[in-house]
Structure formats: structure tokens, C-alpha cells
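Hi everyone, thanks for coming. Today I'd like to walk you through some charged pairs, and then a ligand site. Let's bring the picture up.

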Amino acid sequence: MNIITIDNVCKNYKAKKALDNVSLSIKQGELFGLLGVNGAGKTTLIKILCGLTRKTSGTIMINNFNLDKEINKIKEIIDISPQETSVANNLTVKENLEFFANIYNNNANTIKEIVDIFNLNEVLNQRAKTLSGGYKRRLSIAIALISKPKILFLDEPTLGLDVFARRELWNIIKKLQKNITIILTSHYLEEIENLCDRVAILSNGKLLKTGTIEEIKQITNTQNFEDAFIKLVEAKNE
Ligand code: ATP
């Protein structure tokens, strides 16, 4: 079942076409990757899907709700972990989680479950401002999950993390897979290859291809995904 259907969506910033007639669908439970070089339109698409910016034209259905008419219903089932982490620095990890659990009326069990998934036990009483980048990112994603969203947007979740912290976060994201639909953007192709069921490749606001990593390698007749990505984007620019 498709949980997100995007039909002929355009977004213009004056003369700039940030999204140019994009159509794609995302299935329930999928971990879907949005890929593209800087300025391709990934963040614009995520912002539109989250109701943070308006599309110029086109239709979007999320969980059978029309984005133009039922944005409040959509906001109840989505959450986003943005590029800049969204934690309260002066609160401890536990206080951060409790604060959001209160907002969403969730109980101690939800917090415990999330603390376990994210391995946050050892830093529970530490103030967020003293956390390493990797733990801060984990806390930021953990907070986004407190509302128990059906759909989670992760905008460059491992940006700036070292290789160990990145792998740790991959394992956590894999644990979430299937229970929830995840839309992830990343510039790390290895990350996309490791995590995503399917991907969409954008360039200059246009959708170049959607498919599994294997399908995209086959279409481009390449052995590795980075070569496939470069081939597609370069062909578009010629
Ligand atoms: P990155 O990988 O660098 O985050 P992206 O794929 O997320 O890039 P977007 O941020 O969606 O790309 O930007 C798409 C295009 O729209 C770019 O050309 C950008 O300059 C333009 N753009 C984005 N936001 C605005 C805005 N508020 N006003 C004008 N132009 C904008």
C-alpha cells in the first residue's frame, strides 16, 4: 500500500524551479532514500511533505489525506528530524525525552522503549549540551519518535559523524525499519546503499529515476551505486 503519493508536484521560487513536475510514491514501511547533488530539491520536497512550505502545483496524498485539505491530520502522523538537531541543550537526555512525552501524552514505557532502542541509558542524566555529536543526533531522532509517527523524515541523519557513530546510527535506523515509514536524505551513497529499500534521484528539481539500488545499477549498466548515480546525473546535465 502506498502511504505517500506525489503527483506532478512543482515548486517555484520566482524563476527558479526547485521541483519540476515530480511524481513518485512511497510504500508503507519502506525506508526510502532521496538523493541528489546540492540544490537538487530534496529539502524542498521534504518541507512540502511536512507542511513547512507550500507547493506551487500538483497533488500530494499522505495516508489517504490530501495535503491541501487535511494538513492537520497529516501532522498527527509525521515527524521530522531536521539537519540541525532539535534538542534542548540545558536539559538532560531524560528531561528532553520526558518533555516531549508529556506533550504527546505518552507514558514512561514509551520513553523506556526509546531509550533501549537508541542505547541512551549511559547518558540519561547528562545535559544535552555535553553530549558528543553522535549521541546528540541519536537523541534528536529519539525525540522525533516520541510522538509515535507513522512516517519519519530524516534529513542527513549522519552528517558530520565519525564512521563508528555513523554505523551505530545505521543499526538504530535498521531497527526502526518496517514498523514505520522512513524518508531519508543523505549525501553518503554508502549509507543509502546500506539502508534504503528504494531511492529517488533528483537533479535540478527533476526526478531522474526511482527504484532499488540493484535496479538503478542495472539500468545504468554499472557495478557500483556511486558510478550509477554519477552516470545518471551527468547524462541529465549533458
Ligand atoms: P542540499 O543537498 O544542498 O541540501 P537540496 O537538494 O536539499 O540541496 P533544496 O534546498 O531543496 O536542495 O533547494 C532546491 C533549489 O531551490 C536550490 O536551487 C535552492 O537555491 C532553491 N531554494 C531553496 N529554498 C529557497 C528559498 N527559500 N528561496 C529561493 N530559492 C530557494
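Let's start with Glu193, which makes a salt bridge with Lys217, their closest N and O atoms being 3.9 Å apart. By salt bridge I mean a side-chain nitrogen of Lys or Arg within 4 Å of a carboxyl oxygen of Asp or Glu. Glu193 sits in helix α7 and Lys217 in helix α8 (residues 213-220), so this pair ties together parts 24 residues apart in sequence. Helices here are DSSP runs, H or I, of at least four residues, strands are E runs of at least two, and both are numbered from the N terminus.

A quick word on the source: this is a predicted model, where local features need pLDDT of at least 70, side-chain atom pairs count only at pLDDT 80 or more, and totals for chains, interfaces and linings use all residues. Residues are numbered from 1 along each chain as its sequence is written, and side-chain values use heavy atoms, leaving out hydrogens and water.

Now, is Lys217 buried or exposed? Lys217 is buried, at 12% relative accessible area, while Glu193 is partly exposed at 35%. Buried means under 20%, exposed over 50%, and partly exposed in between, using a 1.4 Å probe and protein chains only. Glu193 and Lys217 also join Glu214 in a network of salt bridges.

Helix α7 (residues 189-195) also holds Glu190, whose side chain meets Arg167 in a salt bridge at 2.7 Å, N to O.

Finally, the ligand: a polar side-chain atom of His187 lies 2.9 Å from one of the ligand's oxygen atoms.

Definitions and conventions:
Polar contact = N/O pair within 3.5 Å; in protein donor to acceptor, adjacent residues only side chain to side chain.
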